[in-house]
Amino acid sequence: AWGRAHNGWLIDSAGMVWTYDRPREWYWPDTNSQISADLLQANQVHTTLSSLTITEDEMNKLMNYVGGALNSSLSEPVNRGADQGSTILSIYTFDLESNIYQENILHQSGDWYRTRGSRDAERLIEFLNDIQRRLN
């Protein structure tokens, strides 16, 4: 059987982890992988605060990896199957002048696989995968 599921989680700048599971309304980044701050906030209305919090020390440590991760290129997509869905780990960078968030994919798995190869990207991916395990 084939169906659509949309679930996941967000970490805000304060380290709070918000989850969502098949929200009725959701705003996606545009074709340039950008989304306005207003639309991203509108998405947060459809999330639930989890009991998981990222400490300030952890957040600071992770922020040190962002530059190196984003300076590495995302590999070309490789098809690895069909009907497996897609899991995407992204970080969003904010442009204060335009009030726009830019989605930056770190890793994608499922039907298609692609990833960033730097050690900083690997550290962020490992951390985000750990968040997923802790939420399950």
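I take a salt bridge to be a side-chain nitrogen of Lys or Arg within 4 Å of a carboxyl oxygen of Asp or Glu.

**Basis of the entries**

I worked on a predicted model, in which local features need pLDDT of at least 70 and side-chain atom pairs count only at pLDDT 80 or more, while totals for chains, interfaces and linings use all residues. Residues are numbered from 1 along each chain as its sequence is written, and side-chain values use heavy atoms, with hydrogens and water left out.

**Entry 1**

I searched the whole structure for salt bridges and recorded six. Side chains of opposite charge can pair when their charged atoms come close.

I then looked up Arg119 and found its side chain in a salt bridge with that of Glu122, at 3.2 Å from N to O. Because Arg119 and Glu122 are three residues apart in helix 3 (residues 119–135), about one helical turn separates them. Helices here are DSSP runs of H or I with at least four residues, strands are runs of E with at least two, and both are numbered from the N terminus.

I noted a salt bridge from Arg119 to Glu126 as well, with the closest N and O atoms 3.3 Å apart.

I next checked accessibility, where buried means under 20% relative accessible area, exposed means over 50%, and partly exposed lies in between (1.4 Å probe, protein chains only). Arg119 has 41% relative accessibility and so counts as partly exposed. Glu122 is partly exposed at 33%, and Glu126 is partly exposed at 45%.

**Entry 2: Arg134 and Asp130**

I looked up Arg134 and found a salt bridge between its side chain and that of Asp130, at 3.4 Å from N to O. Arg134 and Asp130 both lie in helix 3, four residues apart, which is about one turn of the helix. Arg134 is partly exposed, with a relative accessible area of 39%, and Asp130 is partly exposed at 28%.

I also recorded that salt bridges with shared partners join Arg119, Glu122 and Glu126 into one network.

**Entry 3: Ser72**

I located Ser72 in the loop between helix 2 (56–70) and strand 5 (78–79). Is Ser72 buried or exposed? Its relative accessibility is 14%, so Ser72 counts as buried.

I listed its contacts (heavy atoms within 4.5 Å). Leaving aside neighbours within four places in sequence, Ser72 is in contact with Arg116, Gly117, Ser118 and Ala121.
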